[in-house]
Structure formats: structure tokens, C-alpha cells
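Subject: Structure for you to look at

Hello,

Here is the structure I said I would pass on. Please open it first, then read the notes below with it in view.

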Amino acid sequence: MNELPRKELGKVAGLPKAIRDDLNLRLLNGATLQELCDFLNSNPTVQPILAAKGWGEFNVENLSNWRQSGYATWLKSRQRFEDIKLKAEARAALRQQLASEGLDLNDANATRLLEIADDLLDDFDPAALREAAKDKPLAALRWLSDLAAGTSEGKRKAAELELKVRRYEEAAAKAKDKLTIVKREGGLSEEARRQIEEAVALL
Amino acid sequence: MNRSSAIRDEVLMQLVAAFPAQVPVERLHKTARRSGFDFAELELRKEAHYLAGLNPPLVAVSHDAATNQERFAATSAGVAHFENQ
């Protein structure tokens, strides 16, 4: 079971939420710690806070600590929020679609159908899918493709996903063939290198 | 953060994510459990009512007449509170 969330301590945690959010977004977008230090130390809102608390300027270590604590918590919460939002939107879309097709949502059968759909959505865990996709991207794509094929809107997306899977498989097979040739010939010719690059670009 | 505050944060976060949908406590419970929190349904319901009793209310409570089920939804004040937390 998860522990209860703890209040973050430290220099960055003492900054206003708007600045912390800005900082977290910059971290998410790949800013370096030195860039973040420069951003905070040149921010006119931050200077009076540092002066009031008697703290010196931000250094890379402060930001590194924040990345491992406050930022990690923020990222996890944000991910959870997005996952819940996604499911809520899917529920609303399903209800809207059924109503537009003339189904009485207060009817007992419709209510049961919606309960089943809600349970299916509850059991769908995007975080687990992301983890699985790291190890087996192809299997995750196929699973999504099967899921999408279940809805009318999803059929078009399923076809797109299926195409991507096929292209991925073909490109992977090509790249594998090229590597085999390279190994056999004992080196990488200019032509083989170009073909591998083309195959990789397809992925 | 004490347990009650953590449960209030969890309830508000889930309701804001689902805004403007009305969510039964069973779903709040299931989602919290899936994320590894051991909050009981009763605790979630109690804290949702606490949030509904604030001035201004952060949560609105309604009853589904067909199923006699209690449902909760974030109010606009709840959304604003969550965004400024």
C-alpha cells in the first residue's frame, strides 16, 4: 500500500505554487539543472523570498534534490490525474454516443451495460500498459489495436495501428537482414549503412 | 499530512479529473485502491461530505433516484481550489 503523501521540504518547496509548476514543466521538457538554476536566480519573484528567508541563491544540488523528491511526486500525481481524466472522458463519450443512438440511459438494461463498460474501463490500467510497452512495444500496440477495434470510431484507429505494427515488423525484419549481411561481410558498407538508416527511420 | 487530509486530497483530485461528471463513492474507492491507497469506502464518503459542507462547497452531492446511489461531483470552487493547491 502507498504511504500517505508527505509535505515536501526544502528550498524549492518553499516557493509559490506557480513557480514550482513552471519549474516542473521545464524539467519535464528536458531543461538542464543549470538552466533551471539560472531561471530561478533571475526570477524577480524568487529574489524577495530568498532574501526574506535568509537563503542564498539556488544551486544545482538544490534542483537535483527537488528532481528526486518534489518533482517525482508531482509527475506521478500528474500521470494519475491524466489517467483518471482519460477514463472519465471515455465514460462521458460512451454515454453521449449511446444517447445519440436513441438508447434510454435510465433503462435497466442500459444501466447494466454502462456498469459493465465502467468496470472494463476501471480495469484498464494505462500505467501498466506504459510499463508493458517499455518491454514489449509490439505486444502493447497489438493490444491497443484489439481494444480499439471494439468500437465503431475505433475501427479507423485500429486500421492505423495495425498498419504501424506491420511497418514496424517489416522495418525490424529489414534491419535484422542488413545486420546479418554486415556481420557476414565483416564490415559496414556505405549501401548497408544507408539501408539501415532508412529502416530505422521507418520505426 | 494526516490521513483525513490525504483522503480529502484524493477525493478532490478524482472529482476534478472527472469534472463535471458525478462519481459514486464505489468508483472513488476502486480508483484509490488501484493506486495503492488503503482508504475505506466509509472514509472516502465521510471526507467527500466534509468537502461538500465547506463554504463555498468544493464538492456537490446528489442522489440517483433510479439506483438510490449517492454521487459526488467537484464544484467550480473545488476545481479552482485544486488548481491552486
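**The sheet in chain B**

In chain B, strand 1 and strand 3 run antiparallel and are joined by two bridges. One pair to look up is B:Val23, whose bridge partner in strand 3 of chain B is B:Phe72. Please keep in mind throughout that this is a predicted model.

Strand 3 of chain B, residues 69–74, also pairs with strand 2 of chain B; these two run antiparallel and six bridges join them. Here B:Asp64 is found opposite B:Gln69 of strand 3 of chain B. Strands 2 and 3 of chain B make a hairpin, with four residues between the two strands. B:Asn68 lies in that turn, and its phi is positive, at about 55°.

Put together, the three strands of chain B give an open sheet with the order 1-3-2 and antiparallel pairing. Which strands stand at the edges? They are strand 1 (23–24) and strand 2 (59–64) of chain B; each has a single partner strand, so one side of each has no neighbour in the sheet.

**Chain B as a whole**

Besides the three strands, chain B has four helices. Following the sequence, the elements come in the pattern α-β-α-α-β-β-α. Chain B has 85 residues, and 32% of them count as buried. Taking the contacts in chain B with a separation of 6 or more, 52% are between residues 24 or more positions apart.

**Chain A**

How many helices and strands does chain A have? The count is 10 helices and zero strands, and from the N terminus the pattern reads α-α-α-α-α-α-α-α-α-α. Of the 203 residues in chain A, 8% are buried. For chain A, residues 24 or more positions apart supply 51% of the contacts with a separation of 6 or more.

Helix 3 of chain A, residues 46–53, is an example of an element that is hardly covered: it has eight residues, and the number of buried ones is zero. After helix 3 of chain A comes A:Gly54, which has a positive phi, near 70°.

**Where a helix of chain A meets a helix of chain B**

The last item is a contact between the chains. Helix 5 of chain A (residues 70–100) packs with helix 1 of chain B (residues 3–18); their axes are 8 Å apart and the angle is about 45°. Because of that angle, helix 5 of chain A is described as oblique to helix 1 of chain B. The crossing of helix 5 of chain A with helix 1 of chain B is right-handed.

Which residues meet there? From helix 5 of chain A they are A:Phe81, A:Ile84, A:Lys85 and A:Ala88, and from helix 1 of chain B they are B:Met13, B:Gln14, B:Ala17 and B:Ala18. By type, the residues of this contact divide into six nonpolar, one polar and one charged.

Regards

Methods
Residues are numbered from 1 along each chain as its sequence is written. Chains are lettered from A and ligands numbered from 1 in the order in which they are written. This is a predicted model: local features need pLDDT of at least 70, side-chain atom pairs count only at pLDDT 80 or more; totals for chains, interfaces and linings use all residues. Axes are lines fitted to C-alpha atoms, for helices over the stretch in contact, and angles run from 0 to 180 degrees between N-to-C directions. Angles under 35 degrees count as roughly parallel, over 145 as roughly antiparallel, 65 to 115 as roughly perpendicular and the rest as oblique. A crossing is left-handed if the near helix is turned anticlockwise from the far one by less than a right angle, and right-handed if clockwise. Two residues are in contact if their C-beta atoms, placed from the backbone, lie within 7 Å. Ala, Val, Leu, Ile, Met, Phe, Trp, Tyr, Cys and Pro count as nonpolar, Asp, Glu, Lys and Arg as charged, and the others, Gly among them, as polar. Two strands pair if DSSP finds at least two bridges between them. A residue is buried if 20 or more other C-beta atoms lie within 10 Å of its own, exposed if 12 or fewer, and partly exposed in between; C-beta atoms are placed from the backbone.
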